[in-house]
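Dear colleague,

I am passing on the structure that we spoke about, and my notes on it follow below.

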Amino acid sequence: RTRVLEASQQLTEIINSETSTENLEPSKEVDPADEEESVLHCLWVDKFTPRRYMELLSDDYTNRCLLKWLKLWDTVVFGKEKAVKKAKPSTEAHPPFSQPKEQQNKWKTKVQLMEEILEAELDQHKRPKYKVALLCGPPGLGKTTLAHVIAKHAGYNAVEMNASDDRSPEVFKTRIEAATQMKSVLGANEKPNCLIIDEIDGAPAASINVLLNIIHRKDAEGEAAAGTGRRRRREGGLLLRPIICICNDQ
């Protein structure tokens with residue numbers, strides 16, 4: 001144990017010395033004491049965490065599906081009509097889904113099938129049919145990192161909340177609406193928000209029902225009658241921002 005601790009201390013000193021020499025090269029007015037303290041207290045998981053999409057080590061198929069789903073919101077969030085129209089000729093050129101499954105898999109990859117399914121599932125407001133994406137897996141798999149990197153890559157400002165911390169359904173509903181409503185989408189970076197709800201499996205059933213009611217209520221708003229529509233508008237408008245939920249146990 002003593003030898004392991006000494007080797008770990010040596011590695012830490014080597015890394016700190018390399019980072020300190022790199023930071024000294026650019027001429028910046030930084031207090032050396034603050035810089036040394038930040039380097040010493042920086043965890044390796046934070047120091048070497050992926051910052052870009054190409055640095056992700058998670059499953060590439062999962063990464064592409066989540067990015068594809070998030071890009072489907074571009075029409076509503078960013079007003080980019082081309083992102084949706086590009087996939088329409090490809091869906092018409094391919095054989096319809098009524099053909100045998102063997103013939104589909106013969107000419108299409110799993111990623112192409114998933115992209116066509118995602119592209120076809122758009123509602124009347126040009127939003128994806130599934131308003132919430134769920135990432136599940138054991139701890140340390142990189143789910144939270146994936147959500148933040150994908151959101152940043154797609155041009156969003158990631159807003160993270162922990163569902164197990166906010167046990168009250170009222171607080172849970174308030175935080176969701178604050179992150180997804182139109183009036184609060186612009187933050188410090190002037191980017192639209194992408195809500196990331198971590199530990200959704202630790203939330204009580206009442207909070208889950210609040211999330212489901214928000215989604216279902218807004219889906220049925222366009223088909224509601226005039227009087228019901230006014231009541232629903234007081235409760236909240238259409239869900240115009242994507243939500244990514246994370247859990248360990250599906």
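How do the residues of the lining of the largest pocket divide into nonpolar, polar and charged? They comprise 19 nonpolar, four polar and five charged residues, where Ala, Val, Leu, Ile, Met, Phe, Trp, Tyr, Cys and Pro count as nonpolar, Asp, Glu, Lys and Arg as charged, and the others, Gly among them, as polar.

Please bear in mind that this is a predicted model, in which local features need pLDDT of at least 70 and side-chain atom pairs pLDDT 80 or more, while totals for chains, interfaces and linings use all residues. Residues are numbered from 1 along each chain as its sequence is written, and side-chain values use heavy atoms, without hydrogens and water.

The largest pocket holds about 700 Å³ of space (a pocket being an open set of points on a 1 Å grid where a 1.4 Å probe fits, with protein on both sides within 12 Å along at least five of seven lines, and lining residues having an atom within 4 Å of a point; the volume is the space filled by probe spheres set on the points). Of its 28 lining residues, Cys 65, Leu 66, Ala 133, Leu 134 and Leu 135 are the closest to its centre.

Among the elements that each supply at least two lining residues are helix H4 (60–71) and helix H10 (143–153) (helices being DSSP runs of H or I, at least four residues). In H4, Leu 66 and Leu 70 are among the residues that meet H10, contact meaning heavy atoms within 4.5 Å.

Best regards
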